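Biologist: I have a model open and want to learn how to read it. Please take me through it feature by feature.

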Amino acid sequence: MRRMLALLVVLSLGSGWGRTLSAAEAPAKRPNILFILVDDQSPFDLRLYNPRSTLRTPNIDRLAARGVVVDGAYHMGSFSGAVCMPSRHMIMSGRTVWHLPPAPFGAKTSPSHLELQTIPAVFNRAGYATMRTCKQGNSYEAANRQFTVRHDETKREGTVDGGSAWHADRVLDYLRDRQAAKDERPFLIDFGFSHPHDTRDGTPELLARYGAVNHTDENAPPPLHPHQPSLPVNYLPRHPFNTTDSEVRDEIAVSGVWRRRDEASVRNEIGRQYACSENIDIQIGRVLERLQEMGELDNTYIVYTADHGMSIGRHGLMGKQNLYEHTWRVPFVVAGPGIPAGRRVQGNVYLLDVLATLCDFAGIEPPETNEGLSMRPALEGRQPTIRDVLYGAYSGGAKPGIRSLKHGDWKLIEYEAADRGVRETQLFQLESNPEELLPQHREAETVRLVGSSPEPQQTNLAGDPQHAAKLEEMRGLLLAEMRRLNDPYRFSNQPGDDLPPVPGPPMRRAAGKAR
């Protein structure tokens, strides 16, 4: 009888590219999955990662208390100024950054019909009910179409019923309809938001809490207010050099800031960011409460993360086109059946590991096209990290652009844009300099301004002869990762590896709107 039941389960779920657990192996009730993705949020916005933050997120905090906070979660990078686009491709497909369909040479490095091997397609074949709501655009449209129920729209209104509330309402409607239809299938819900990406129009109540206004005058700064968040510890009035794409839209045309980096503009914009982020927390709370009422919460894996981080004044930058920790890292919180409560792990995971991890939770074999690793061993405390070395790339402007390499507490960032005269190297020891402070922070006296320690003992160590051996070691590791991951570009101090010549400077892009 058991063998016959197992056969019926396999037949009903379909064979596809993955193996589903048999009835003998599977739990009595398969788990649900709620994957929450916000748009543009640094982990350091959250108190979970930054005790100085004044952002209130009680629901995310409770989620963290029920589960695990990952300290070392990263997106792998971007070949586009729209960093969210490759990031969301990586989440959906489990592919590394240079193996995505839109990547340079992606036609050669990405399999055909990859959308049929992405999260929604895999879970559809495994018998899950799949639903999605998120922003429209700058994503993986072919994969998004695989969700059985889909409500995508870019909603950034600063109103009670619009903005983030609109996305939560779509999830609540889906749960209501599911209950009315007596749908007993496990669900996978992709619960995405359009905020806190700019334009960061918060609701009046939440803007007031953070002393912020929806500023619209490019020629004058907004007023300072005592309730505004403080400047970040690593704030600078300008970045000390061209980051290889300093004229990208996010650095010059964000409504409310534009090119301004004065204290009032930055603090007001962080206040707007916090107002939008607290609203997201409120909407998450509404959905979690409904799952509790339905008796589904304890059987649901919940993942909270962002597509990438964000600068907003840190290092004198505003956007996401850099590889400092505030932008390369992402918040990552997981709770659910069997996940230990109240723990932190280093992890060393990428967003592209999401597919393998969700499959692991559900007892599904990930598709053969997947290149990610399941985070479950780290989440459950069986090992501290998933990998030893982390690689990051940005080449949305000049080529090769920016690369980063993290190994232990050491981090290397290389910048090169020959047509713009840029060749810079940064080497940080993150244990002693977690904010990646530069000599310019001491020159600008911003460390004193925000009340941190008077002077960092270490800043950029790339030029220090005492660390020359470490610099060469990190450069060797970076080259090895660039080769392993099929990075199509090389820096002038690296072997050419018979790659095609670096293309000329891209055409100047208009400072238009971003999704």
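Biologist: How many helices and strands does the protein chain have?

Modeller: The protein chain has 16 helices and 15 strands. Both are DSSP runs numbered from the N terminus: helices are H or I with at least four residues, strands are E with at least two. This is a predicted model, where local features need pLDDT of at least 70, side-chain atom pairs count only at pLDDT 80 or more, and totals for chains, interfaces and linings use all residues. Residues are numbered from 1 along each chain as its sequence is written, and side-chain values use heavy atoms, with hydrogens and water left out.

Biologist: What share of the 515 residues is buried?

Modeller: Buried means under 20% relative accessible area, exposed over 50%, partly exposed in between (1.4 Å probe, protein chains only). Buried residues make up 60% of the 515 in the protein chain. Take helix α3, residues 84–93: 10 of its 10 residues are buried. Among them are C84, R88 and H89. G94 follows α3 and has a positive phi, near 70°.

Biologist: How do I read the packing of two helices?

Modeller: Two packed helices are described by the angle between their axes and the distance between the axes. Axes are lines fitted to C-alpha atoms, for helices over the stretch in contact, and angles run from 0 to 180 degrees between N-to-C directions. Here, α2 (residues 58–66) and α10 (residues 263–293) pack at about 60°, with axes 7 Å apart. The two are therefore oblique to each other. Angles under 35 degrees count as roughly parallel, over 145 as roughly antiparallel, 65 to 115 as roughly perpendicular and the rest as oblique.

Biologist: Which residues of α2 and α10 meet?

Modeller: P58, N59 and I60 in α2 meet D281, I282, I284 and G285 in α10. Contact means heavy atoms within 4.5 Å.

Biologist: Which residues have the most contacts inside the largest nonpolar core?

Modeller: A nonpolar core is a set of buried Ala, Val, Leu, Ile, Met, Phe, Trp, Tyr and Cys residues joined through side-chain atoms within 4.5 Å. The largest has 89 residues, and F123, F191 and F332 have the most contacts inside it. α10 gives the most to this core, with nine residues. A second, separate core of 45 residues includes F79 and W410.

Biologist: How many disulfides are there?

Modeller: A disulfide is a pair of cysteine sulfur atoms within 2.5 Å. The count is zero. C134 is in none; its nearest cysteine sulfur, that of C84, is 9.6 Å away. C134 counts as buried, at 1% relative accessibility. C276 is also buried, at 2%.
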